[in-house]
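Please read the points below with the sequence and the model open beside you.

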Amino acid sequence: MIKNNSLSFEEALKKIEQILKQLENKELDLEEAINLYEEGLKLIHFCEEKLKNARTRIEVILKDKEGFKLENLEKAYELLKNGSK
Amino acid sequence: MNELEEVKANIEEREKLYFTVKEVAQELKTFIETKFPLLWIEGEVANLKYAHNGNIYFNLIEEEASLKAIIFSYQKDIEITPYLKNGLKVLCFGKLSFYPRSGECYFIVRRVEPLGKGLLTLKKEELIKKYQPLFDPNRKRAIPLYPKKIALITSIFGAALQDFLKVSKDRWELEILIYPVRVQGEGAEKEIVQAIKDINNCFSDVEVIIITRGGGSFEDLAPFYTEDIILGIKDSRIPVVSAVGHEIDYTICDLIADRRCATPTAAAEEIIPSKEDILHKLKLYKEKLDQLLEVIFTKKEKSLYEVKIELENKNPFKIIHHLERKVKDYYHRLVLETEKYFSLKEKKLWEIKNLLKKRHPQENIKFGEEKLKFFKNRLFYSIKVYFIEKEKKLENFKKLLISLSPLNILQRGYSIVKSYPEGKIIKNAKEVKEGKLLEVYLSKGKLLVEVKKVEE
């Protein structure tokens, strides 16, 4: 079955699509169909949960002589204000 | 007198006044250079040549007229020079110069502007031609559908960034790195290319790079029409999306990128999956899942039902019952057929019996007897009728006879006279003569008389 932690959203979605495709075969064994159905439901639930918590994080890459560092947008804005980027 | 002769006459008549070559050349140079200081000339480029010393030579032509032109190597930073080609219509700015040494007049070009197409279009065409294979759609890298980390190369102060972030906020579980660069002006393309390199090298978990800026004048967009941009994007391992400039006009950056979006907003919408959309999609998947299982269930139910029917059809009791019914049917049919047969035979027998009965001799005798009796009766009756008839006729004759008898008439007083002895009935007086004897028959008895007189 599914190990939620190891599965990416994309993989889960792909798996759901595969399951749908498999279920399109009407000759499928009933037990197998039910198993697929249950797995599909679990995967959908998994994806929904992942989406509900979806957030966007924004960081700005700043380059100096030492290399790169990441800053949040406001701070980067302040730092760069004097520049022209 | 024509012109030639006039010239001849002048030569002959006058004292020979002449210029030296140098003098004429100097005159021409002064004349040309003062008459035509800086000016614009419109024409078509022809005989384009790049000299070893770096100068560019070409002719500006218009129909039958032609003018030699030079771009000196020290002026080669004129932007258009790489795009000059024969046939290109241009507007050149510069001054005319006469070279006494070669006796030629040159147009010293300081600025060139293409006519018709803009410079950027020209650059674009040239670059596309040069890097044709790199624009092949088959070369384009696929953009991940559900990226977790993307990098934005843009100006941190631009409206493009604001537009992009507005759409992308909490749209998806996503990390957005912003690499600030200048997006217009001299050298901006170098910064962009460096950004692409840095992201590829140091932020390798970035799945998509988006280069974006808002619309602007052609000059503003110039960095996105450069060779650097083409090569920078080509060398990126991470797929690159371009959302630069106007919706209608494709920059070189748009063309070389793996995907082009019309605006920063469109880029955010197209590249970052929408939570809402996917949730909706998942809902549809759920519905489809239900439907598909339903279909399979229905199908299995149907199969089960079919098997059940088949099993029922093979039930031994049912078979026996069926056979029983068949036997019963046969029995009924047998009885029916037998009855039918018997009744047929009976009918036939009865017919034969009747026939036989009709042909029995006693019957014949009886029939003959009856016939005989009938004839006998008829005969008897006929004879009787005959006799009666005859008797009746006789009677009638008798009566007639009686009525006709002369005696009857005599009784009424009449008498019959006959000659005597002849016995001939006398009807006329002439027949007799006087003295004749006559017999007179009376009703009773007769008289013998003599004729005394005859009267007529």
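Which residue in S4(B) is the bridge partner of Trp40(B)? The bridge partner of Trp40(B) in S4(B) is Phe93(B), and point 2 returns to the two strands concerned.

1. How to read the notes. This is a predicted model, in which local features need pLDDT of at least 70 and side-chain atom pairs count only at pLDDT 80 or more, while totals for chains, interfaces and linings use all residues. Residues are numbered from 1 along each chain as its sequence is written, and chains are lettered from A and ligands numbered from 1 in the order in which they are written. Helices (H or I, at least four residues) and strands (E, at least two) are DSSP runs, numbered from the N terminus.

2. The barrel of chain B. In chain B, 5 strands close into a barrel in the order S1-S2-S3-S5-S4, with mixed pairing; two strands count as paired if DSSP finds at least two bridges between them. Neighbouring strands of this sheet are turned by 55° against each other on average, direction ignored. Strand S1 (residues 38-50) of chain B runs antiparallel to S4(B), and 7 bridges join them. S1(B) is also joined by 5 bridges to strand S2 (residues 56-62) of chain B, again antiparallel, and here Val45(B) stands opposite Leu60(B). The hairpin of S1(B) and S2(B) has 5 residues between the strands, and in this hairpin Gly54(B) takes a positive phi near 100°. By way of background, strands of a sheet pair through backbone hydrogen bonds, either parallel or antiparallel.

3. Strand S3 (residues 65-71) and strand S5 (residues 104-114) of chain B run parallel and are joined by 3 bridges, with Tyr106(B) in S5(B) as the bridge partner of Lys68(B). Helix H2 (residues 21-35) of chain B lies across strand S4 (89-99) and S5 of chain B, and runs at about 145° to S4(B). For such values, axes are lines fitted to C-alpha atoms, for helices over the stretch in contact, and angles run from 0 to 180 degrees between N-to-C directions.

4. One side of a helix. In helix H9 (residues 264-271) of chain B, the buried residues are Pro264(B), Ala267(B), Ala268(B) and Ile271(B). A residue is called buried if 20 or more other C-beta atoms lie within 10 Å of its own, exposed if 12 or fewer, and partly exposed in between, with C-beta atoms placed from the backbone. Because these residues cover an arc of only 95° around the axis, they are on the same side of H9(B); the arc is that of the directions from the helix axis to the C-beta atoms. The buried residues of H9(B) pack against strand S6 (149-154), helix H4 (159-168), strand S8 (208-213) and strand S9 (240-244) of chain B.

5. The open sheet. Chain B also has an open sheet of 3 strands in the order S11-S12-S13, with antiparallel pairing. Strand S11 (416-419) and S13 of chain B stand at the edges with a single partner strand each, so one side of each is left without a neighbour in the sheet. Strand S12 (residues 437-441) of chain B pairs with S13(B) over 5 bridges, where Tyr441(B) has Lys446(B) as its bridge partner and Leu438(B) stands opposite Val449(B). Of the 5 residues of strand S13 (residues 446-450) of chain B, the number buried is 0, so this strand lies largely in the open.

6. Chain A and its contact with chain B. Chain A has 3 helices and 2 strands, which follow the pattern α-α-β-β-α along the sequence. In total, 33 residues of chain A are in contact with 36 residues of chain B, where contact means that the C-beta atoms of two residues, placed from the backbone, lie within 7 Å. The largest share of this side of chain A, 10 residues, comes from H2(A). Helix H2 (residues 30-52) of chain A packs with helix H10 (residues 275-313) of chain B at an angle of about 170°, with their axes 10 Å apart.
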